[in-house]
Amino acid sequence: MKSVYSENIGKIMYQKGMTQESLAKQSGLTRQTVNKVLGLGRKNIEDMSLETAISISRALDYNFPDLFSRNFDPNKASIYKEDNYLIIFTGNVKRIIKGKKQKLLSTSPGIQESTISDILNENITNPKISSLVSIANSIEKDLSILFTRGGHEDDI
């Protein structure tokens, strides 16, 4: 099953008339990596790194958080904005769990408490998207919101 992210990438590529090869060239990634991101390979696309996802967003010139949105509109004007999305993510997560134990984030399967701690303390600088998805799922928030700086308090 394709992820929201890979579906949104495919929509932008179609709209811009891009091939896997052109996206690979513009992003500095291999065509095999782009193939995996699009969900056409055998590996789970969520195993890609945050850096890979950002490279694709930059190459497509599309706002990074929007690529994770279920309400994605490829026709919406969206330009890539350079930012430290890991710091934004960790700040939003810390704000949500403020006053609660970090251990609650490791209740869902697939991510260890030490990995969560390393991500939130920024000891891991290029985490896997799958780890960020697990954290987002455990607090019942969309990645698109957690990657957004200055998001509405109601959203976060």
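Across the whole structure, a search identifies 3 salt bridges, a salt bridge being a side-chain nitrogen of Lys or Arg within 4 Å of a carboxyl oxygen of Asp or Glu. The model is predicted, so local features need pLDDT of at least 70 and side-chain atom pairs count only at pLDDT 80 or more, whereas totals for chains, interfaces and linings use all residues. Residues are numbered from 1 along each chain as its sequence is written, and side-chain values use heavy atoms, with hydrogens and water left out.

Helices are DSSP runs (H or I, at least four residues), numbered from the N terminus. Arginine 58 is partly exposed at 40% relative accessibility, while glutamate 82 is exposed at 55%. Here buried means under 20% relative accessible area, exposed over 50%, and partly exposed in between (1.4 Å probe, protein chains only).

Lysine 76 and aspartate 66 form another salt bridge, at 3.5 Å from N to O. Both residues belong to the loop between H4 and H5, 10 residues apart. Lysine 76 is partly exposed, at 45% relative accessible area, but aspartate 66 is buried, at 17%.

Aspartate 83 pairs with arginine 149 in a salt bridge whose closest N and O atoms are 2.7 Å apart. Aspartate 83 sits in the loop between H4 and H5, and arginine 149 in the segment after helix H8 (143-146), 66 residues apart. Aspartate 83 is partly exposed at 29% relative accessible area; arginine 149 is exposed at 53%.

Key:
Helix = DSSP H or I, 4+ residues; strand = E, 2+ residues; numbered from the N terminus.
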